[in-house]
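Hi,

Here is the model I said I'd pass along. Have a look at it first, then read on for my notes.

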Amino acid sequence: MSFLKGFFSRGGEAGELLQFLWEAKLWFLIPLVAVLLVFGLLLIFAQATGVAPFIYTLF
């Protein structure tokens, strides 16, 4: 449980959102939010590097 507290304290807005979902007992939304965050990070990573052509073939 201390891992989750450490993650929430360093996570910024994403950590606050996950903490809110956890405290409001909306656990079923946590995987959805996590997937959206991963896709957002993937898009940012694709724009910053030369990996974009390889990522676009996945979609």
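Going along the sequence, the protein chain reads α-α-α-α, that is, four helices and zero strands. Helices here are DSSP runs of H or I with at least four residues, strands are runs of E with at least two, and both are numbered from the N terminus.

Some housekeeping: this is a predicted model, where local features need pLDDT of at least 70, side-chain atom pairs count only at pLDDT 80 or more, and totals for chains, interfaces and linings use all residues. Residues are numbered from 1 along each chain as its sequence is written, and side-chain values use heavy atoms, with hydrogens and water left out.

On confidence, the protein chain has a mean pLDDT (the predictor's confidence in each residue, from 0 to 100) of 75, with 73% of its residues at 70 or more. Helix H1 (residues 2–10) is where confidence is lowest, at a mean of 59, while helix H3 (residues 30–48) has the highest, at 81.

Of the 59 residues in the protein chain, 15% are buried (under 20% relative accessible area; exposed is over 50%, partly exposed in between, with a 1.4 Å probe and protein chains only).

Now the helix pair. The axes of H2 and H3 come within 10 Å and cross at roughly 165° (axes are lines fitted to C-alpha atoms, for helices over the stretch in contact, and angles run from 0 to 180 degrees between N-to-C directions). H2 and H3 are therefore roughly antiparallel, a label for angles over 145 degrees. Which residues meet there? From H2 they are Ala14, Leu17, Leu18, Leu21 and Trp22, and from H3 Ile30, Val33 and Leu37.

Trp27 sits in the loop between H2 and H3 and is partly exposed, at 45% relative accessibility. Setting aside neighbours within four places in sequence, Trp27 is in contact (heavy atoms within 4.5 Å) with Leu21 and Trp22.

Lys25 is in the loop between helix H2 (12–23) and H3. Lys25 is not a glycine, yet has a positive phi of about 60°. Most residues other than glycine have a negative phi. Lys25 is also exposed, with a relative accessible area of 57%.

Cheers

How values were computed: Angles under 35 degrees count as roughly parallel, over 145 as roughly antiparallel, 65 to 115 as roughly perpendicular and the rest as oblique.
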